[in-house]
Amino acid sequence: QVHVVESGGGLVQAGGSLRLSCAASGSIVSIDGMGWYRQAPGKQRELVAAITSGDSTHYADSVKGRFTISRDNAKNTVYLQMNSLKPEDTAVYYCNAQIRPNWYELRDYWGQGTQVTVSS
């Protein structure tokens, strides 16, 4: 069984910073891509940032230059450093990990979500 758990959300003023963490645990052979998505009320879930197993990164245009994604493969953990936060960054942030629980399967796993609220 595999678990993916986020942490680090909260309430911050505009211009502030937060760091999200997401740790995968359990029966894991390897982890391919990892990423962060967010969903604001009344909106569709959108990709915020992603990182491959080779550390190539991709960012949504709205967060480029403000957010940084990174991973620690030894800890099966992905991070999202969020700087210069804006009220429009307010959303529930979800971690996604493409995990091999065995040698013949590759599955998408999601965390439960963590709320980020940016006040103006």
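Visitor: Where is the place of aspartate 89?

Guide: Aspartate 89 is in the loop between β8 and β9. Strands (E, at least two residues) and helices (H or I, at least four residues) are DSSP runs, numbered from the N terminus. Before we go on, note that this is a predicted model, in which local features need pLDDT of at least 70 and side-chain atom pairs count only at pLDDT 80 or more, while totals for chains, interfaces and linings use all residues. Residues are numbered from 1 along each chain as its sequence is written, and side-chain values use heavy atoms, with hydrogens and water left out.

Visitor: Is aspartate 89 buried or exposed?

Guide: The terms go by relative accessible area: buried is under 20%, exposed is over 50%, and partly exposed is in between (1.4 Å probe, protein chains only). Aspartate 89 counts as buried because its relative accessibility is 1%.

Visitor: Which residues does aspartate 89 touch?

Guide: Contact means heavy atoms within 4.5 Å. Leaving aside residues up to four places away in sequence, aspartate 89 touches Arg38, Arg66, Phe67, Ser84, Val116 and Val118.

Visitor: How many salt bridges are there?

Guide: Here is the general idea: side chains of opposite charge can pair when their charged atoms come close. The rule asks for a side-chain nitrogen of Lys or Arg within 4 Å of a carboxyl oxygen of Asp or Glu. By this rule, the count is six salt bridges. One of them joins the side chains of arginine 38 and aspartate 89, at 3.0 Å from N to O. This pair links distant parts of the chain, 51 residues apart, with arginine 38 in strand β4 and aspartate 89 in the loop between β8 (77-82) and β9. Both arginine 38 and aspartate 89 are buried. Through shared partners, salt bridges join Arg38, Glu46, Arg66 and Asp89 into one network.

Visitor: What does aspartate 61 form a salt bridge with?

Guide: Its partner is lysine 64, and the closest N and O atoms are 3.1 Å apart. Aspartate 61 and lysine 64 are both exposed.

Visitor: And which residue forms a salt bridge with aspartate 32?

Guide: That is arginine 100, with 3.9 Å between the closest N and O atoms. Here too the pair links distant parts of the chain: aspartate 32 is in strand β4 (residues 30-39) and arginine 100 is in strand β9 (residues 91-102), 68 residues apart. Aspartate 32 counts as partly exposed because its relative accessibility is 23%. Arginine 100 is partly exposed as well, at 25%.

Visitor: Which residues does arginine 100 touch?

Guide: Not counting residues up to four places away in sequence, arginine 100 touches Ser27, Ile28, Val29, Ser30, Asp32, Glu105 and Leu106. Take serine 27: in sequence, arginine 100 and serine 27 are 73 residues apart, yet in space they are 8.6 Å apart, C-alpha to C-alpha.

Visitor: Which cysteines form a disulfide?

Guide: In general, a disulfide is a covalent bond between the sulfur atoms of two cysteines. The cut-off is a pair of cysteine sulfur atoms within 2.5 Å, and by this rule the count is one disulfide. Cysteine 22 and cysteine 95 form it, with their sulfur atoms 2.0 Å apart. Cysteine 22 lies in strand β3 (residues 18-26) and cysteine 95 in strand β9, so the pair ties together parts that are 73 residues apart in sequence. The torsion about their S-S bond is about -80°, so the disulfide is left-handed. Both cysteine 22 and cysteine 95 are buried.

Visitor: What sits over the ring of tryptophan 110?

Guide: A charge sits over a ring if NZ of Lys or CZ of Arg is within 6 Å of the ring centre and within 35 degrees of the ring normal. For tryptophan 110, the charged end of arginine 45 is over the ring, 4.8 Å from its centre. Arginine 19 lies over the face of tyrosine 79, at 4.1 Å from the ring centre.

Visitor: What is the phi of asparagine 76?

Guide: Most residues other than glycine have a negative phi. Asparagine 76 is not a glycine, but it has a positive phi of about 50°. Asparagine 76 is in the loop between β7 (67-72) and β8. Serine 84, also not a glycine, has a positive phi of about 50°, and its place is in the loop between β8 and β9.
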